[in-house]
Amino acid sequence: PMEMVGTFYSFSTRVLTQEELGSLPRVTLAADTPWNSSQATFQVQETEEEEEVDQEAVRSSVVATYEKARQVAASMFSESDRLLRVVSSTLSEAFYDEALG
């Protein structure tokens with residue numbers, strides 16, 4: 001069955017064995033009509049055990065992930081890269097200010 005994770009649709013697959021390739025029928029997974037993802041519907045999947053989401057834990061995890069990504073990005077840019085971004089931004093603003101009068 002198809003699953004939805006966030007905004008991504010997926011289903012589990014695996015590589016077929018040589019024996020399966022030779023013996024199983026081939027099926028084309030396509031409809032006669034164009035796909036309209038905005039009209040797709042899915043049933044809610046049940047889990048064995050209902051989990052209550054700890055909103056504070058989720059928030060903390062998102063904040064920690066964002067902070068780590070920010071640190072990694074900051075470490076990837078040298079001071080000269082930062083200076084070039086500032087100059088580029090300033091020149092772009094000046095260009096648009098002049099163009100717009």
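Visitor: Why is Met 2 called partly exposed?

Guide: Met 2 has a relative accessibility of 41%, and the scale calls a residue buried under 20% relative accessible area, exposed over 50%, and partly exposed in between (1.4 Å probe, protein chains only), so at 41% Met 2 counts as partly exposed. This is a predicted model, in which local features need pLDDT of at least 70 and side-chain atom pairs count only at pLDDT 80 or more, while totals for chains, interfaces and linings use all residues. Residues are numbered from 1 along each chain as its sequence is written, and side-chain values use heavy atoms, with hydrogens and water left out.

Visitor: Why is Val 27 called exposed?

Guide: The relative accessible area of Val 27 is 64%, and because the cut-off for exposed is over 50%, Val 27 is exposed. Val 27 is found in the loop between H1 and helix H2 (55-76), where a helix is a DSSP run of H or I with at least four residues, a strand is a run of E with at least two, and both are numbered from the N terminus.

Visitor: What makes the nonpolar surface patch?

Guide: Met 2, Phe 11, Val 27 and Leu 29 make a nonpolar surface patch of about 450 Å². Patches are made of residues with over 30% relative accessible area and no salt bridge, with like charges joined within 9 Å and nonpolar side chains (Val, Leu, Ile, Met, Phe, Trp, Tyr) joined within 5 Å. The areas come from the Shrake-Rupley method with a 1.4 Å probe, and for residues only the protein chains shown count as cover.

Visitor: What makes the pair of Arg 14 and Glu 20 a salt bridge?

Guide: The closest N and O atoms of Arg 14 and Glu 20 are 2.7 Å apart, and a salt bridge asks for a side-chain nitrogen of Lys or Arg within 4 Å of a carboxyl oxygen of Asp or Glu, so the pair qualifies. The structure holds one salt bridge, and Arg 14 is itself exposed, with a relative accessible area of 56%.

Visitor: Which residues does Leu 21 touch?

Guide: Leu 21, which is found in helix H1 (residues 18-23), touches Leu 16 and Arg 26, not counting residues up to four places away in sequence. Contact means heavy atoms within 4.5 Å.

Visitor: Where is confidence highest in the protein chain?

Guide: Confidence, given as pLDDT from 0 to 100 for each residue, is highest in H1, at 90, and lowest in strand S1 (residues 3-5), at a mean of 73.

Conventions. pLDDT is the predictor's confidence in each residue, from 0 to 100.
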